[in-house]
Amino acid sequence: MAEDSIVREFNKSIWKNFLKGLKTYQMIQNGDRIAVCISGGKDSMLMAKCMERWQRYGDLDFEVTFIVMNPGYSEKNSLRIAENAEKLNIPVKVFETKIFESVAKEKNNPCFLCSRLRRGYLYRKAQELGCNKIALGHHFDDVIETIIMGMLYGSQMQTMMPKIHSENYKGMEVIRPLYLVREESIIQWAEFNSLHFIDCSCRLTEGHNNSSSKRQEIKNLLKQLRAVNPEVDMNIFRSAENVNLQTLISYHIGDEYHHFLDSYHEGRSIRGTK
């Protein structure tokens, strides 16, 4: 079974990293009701099975419900999602939206609008189901790619957080249970179990070559860097954990901005000594 292989063949690469992420970042607490959001891709389907198993055998008392938002999938993709959910024995709740129809009218930044609308629908559906958290299937590679994309294309140092409070939906949180799981391991799990998931659910890009996308550019760049330095991924990740604010020209916490010149006249070195 695909679920059994998670704790057998992929115990070290998937299951242990899944649990490490949950515990390191305290993603789940007793009494949580979590909406596990399934897009139909390999990442969210694996996350669903991991969450289901941990809910069944773990040491915390929490509930999970599996939701699939249909933003306007093609019939082919809708059928593939339903087939995989049945094959993996995931009791999904499907709800319909017209997001793709709305996004098709947006010319400037359709991907941003799509992401924003998706998140809003997921929050509202989760609240309707009595949940206080939504779980998304972002993995380790998504995290480091986001760090690099922010630097190269956003002129900022930021990362994708393992969990975050919603600003617009009070009492709701986003958690990312696959935060420490590598994409390569997810691909290997899918191939080992002869599972075939949808690659891109967007009807606006189906059949098109997306190799020119910014994220794909970063994937290609990281692949080149790994050939020279196999530790590059972990080094990028740890760079977001080992930030020394005294070595930054400026930084901000919300709307509160700080510049190194603010205290430079005090004569302190980067070690904080006179």
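Which residues in α2 are buried? The legends below take up this question and then turn to a pocket.

View 1. The structure is a predicted model, in which local features need pLDDT of at least 70 and side-chain atom pairs count only at pLDDT 80 or more, while totals for chains, interfaces and linings use all residues. Residues are numbered from 1 along each chain as its sequence is written, and side-chain values use heavy atoms, with hydrogens and water left out. I14, W15, F18, L19, G21 and L22 are the buried residues in α2, where buried means under 20% relative accessible area with a 1.4 Å probe and protein chains only. Their cover includes α1 (2-7), α3 and α8 (183-192).

**View 2. Packing of helix α2 against helix α3.** The axes of α2 (residues 11-24) and α3 (residues 42-57) lie 11 Å apart and form an angle of about 70°, which makes α2 roughly perpendicular to α3 (a term for angles of 65 to 115 degrees). From α2, I14, W15, F18, L19, L22 and K23 meet L46, C50, M51, R53 and W54 of α3, with contact taken as heavy atoms within 4.5 Å. By class, nine nonpolar, no polar and two charged residues make up this contact.

**View 3. Lining of the second largest pocket.** This pocket has a volume of about 770 Å³ (a pocket is an open set of points on a 1 Å grid, with protein on both sides within 12 Å along at least five of seven lines, and lining residues have an atom within 4 Å of a point). Among its 21 lining residues, M157, Q158, T159, V243 and H252 are the closest to the centre, and strand β7 (residues 250-253) gives the most to the lining, with four residues.

Terms used:
Axes fitted to C-alpha atoms, helices over the stretch in contact; angles between N-to-C directions. Helix = DSSP H or I, 4+ residues; strand = E, 2+ residues; numbered from the N terminus. Parallel < 35°, antiparallel > 145°, perpendicular 65-115°, else oblique. Nonpolar A, V, L, I, M, F, W, Y, C, P; charged D, E, K, R; others polar. Buried < 20%, exposed > 50% of the residue type's maximum accessible area, 1.4 Å probe, protein only. 1 Å grid on protein atoms, 1.4 Å probe; cavity = no way out; pocket = protein on both sides within 12 Å on 5 of 7 lines; lining within 4 Å. Points joined across faces, edges and corners; volume = space filled by probe spheres on them.
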